[in-house]
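Dear colleague,

Please find below the sequence and structure that I am passing on to you. A summary of the findings follows.

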Amino acid sequence: MSDLESGKAPPAQAVAELVLCRHCDLLQQLPLLAIGQEAACSRCGYLLDMRQKDPVLRPVLYAASSLFMLILANLFPFIGMDVAGNVHIMSFFDTSSVLFNEHQQWLAVLVWLFIQAIPAFCMLAVIYIKLGMVRRVRGLVWTARVLYMLKPWSMVDIFLIGILVAFVKLVVYADISVGMSFWAFCLFCLLHLRTFQVIDRHALWESIAPAPQPVSAEFAGRTGVSLNLASCSCCTAIVPLEQKHCGRCGTKVTARIPASLQKTLAWLITATLLYIPANLLPIMETVSLGSSIQSTIISGIILMWQDGAYPVAIVILLASVVVPVVKIVVMFWLCYLASHSGHKRQLLSTRVYLLVDWIGRWSMVDVLVVAILAALVRFDLLMGVYPGMGAIIFATVVITTMLAAMSFDPRLLWDQRNKKEEQQRG
């Protein structure tokens, strides 16, 4: 077992690694890190590597505990609602099954994937990879590839915020109670997030299969494209471009994401066109004593504000209105900067990109609130909540903006500056 896997500090005679920053394409030499230390890019600040204590035991324990809590969250009552003596208790699985029964199959599948299937797979993958490295079992590379491909789509933290928003919406009209599964889900959410916090992507891949260094340390400070090198988008290995595929994980390697700006603009235009009907069409329908009220995103925010739920109204306004619009506008701006030479906002634009890439997924909170309300408010003719067409369209808007951010190559923001620095270098 390596020093990294045993949780020990690297020996003094160990050779420091070279890494290519995935955001600014600068080749750098990693310092020898002790437990608890991190290494960031000297130019753009992107986190390159870190060392965790007990890098095998801690992730496995957190992931296994998380899976156990997920099982408990599906076995017992989740949330109960009492309206004038009429009681309805929902299970955790009802958040997707009710949508399926209401002929919202696409929305049901999305909710199930985001809050159950993908988080569960990620935790199983962590356990398999960490324990598998001890025995060197098969499939570690494939499992790690899928793990980091699915990680952004695990939305248990957003679902937890959605539950709190739903509570504030309903507490005025009914008595809300929480069951054992609710507390199990809260622990599942915390343990799930903690599992990823104690895993570093670069260190994980180096433990699976150390990558060869195709260039010597004397070239540190140069850019990857000038040395005909690229960083693997999956495992962070440095790969000569003539290889075309990463020797460690098999991912196709190119100097830049092919047609990055075209793909990003296509996703952004799609999101912009869908955003209009997503706000005009009802996101949910509330039926009470035979009367029906259809609510759009904006009308729901106004109603919560009128009811005095100011914090929740502000959260929904930010997540469902401000964040999508700002993300679309900012991504268009980044595409403009990447396609025009002479701008000097590389550091600012890179940090803005990191922010919008991280915050964009939180717009899914309104869709998850609809799923919770549809599963909980089920009182036949007395009261019921049903998802509207606006919910699936808005979910598509969030997904397309996330895909736009994933398609954008932040190294394009630095290319002109890199070219000038290489010319000055001679």
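Contact here means that heavy atoms lie within 4.5 Å. By that criterion, and not counting residues up to four places away in sequence, Met364 touches Phe114, Met155, Ile158, Ala395, Val398 and Ile399. Please note that this is a predicted model.

Met364 belongs to the largest nonpolar core, which has 111 residues. Among the residues with the most contacts inside this core are also Phe78, Met81, Phe114, Phe159, Ile163 and Phe185. Helix α4 (residues 105-135) supplies the largest share of the core, with 15 residues. A second, separate core comprises 27 residues, including Leu30, Leu261, Tyr353 and Phe408.

Tyr353 also takes part in a helix pair. Helix α11 (residues 310-339) packs against helix α12 (residues 346-359) at an angle of about 145 degrees, and their axes are 10 Å apart. The crossing of these two helices is left-handed. On the α11 side, the contact is made by Val323, Lys327, Val330, Met331, Trp333, Leu334 and Leu337, and on the α12 side by Ser349, Val352, Tyr353, Val356 and Ile359. By class, this contact has 10 nonpolar residues, one polar and one charged.

Finally, there is an open sheet of three strands in the order β11-β10-β12, with antiparallel pairing. Strands β11 (291-295) and β12 (383-387) each have a single partner strand, so one side of each is left without a neighbour in the sheet. On average, neighbouring strands are turned by 20 degrees against each other, direction ignored. Strand β10 (residues 284-288) is joined to β12 by five bridges, and Met284 stands opposite Pro387 in β12.

Yours sincerely

Note on methods: Residues are numbered from 1 along each chain as its sequence is written. This is a predicted model: local features need pLDDT of at least 70, side-chain atom pairs count only at pLDDT 80 or more; totals for chains, interfaces and linings use all residues. Side-chain values use heavy atoms; hydrogens and water are left out. Axes are lines fitted to C-alpha atoms, for helices over the stretch in contact, and angles run from 0 to 180 degrees between N-to-C directions. Helices (H or I, at least four residues) and strands (E, at least two) are DSSP runs, numbered from the N terminus. A crossing is left-handed if the near helix is turned anticlockwise from the far one by less than a right angle, and right-handed if clockwise. Ala, Val, Leu, Ile, Met, Phe, Trp, Tyr, Cys and Pro count as nonpolar, Asp, Glu, Lys and Arg as charged, and the others, Gly among them, as polar. A nonpolar core is a set of buried Ala, Val, Leu, Ile, Met, Phe, Trp, Tyr and Cys residues joined through side-chain atoms within 4.5 Å. Buried means under 20% relative accessible area, exposed over 50%, partly exposed in between (1.4 Å probe, protein chains only). Two strands pair if DSSP finds at least two bridges between them.
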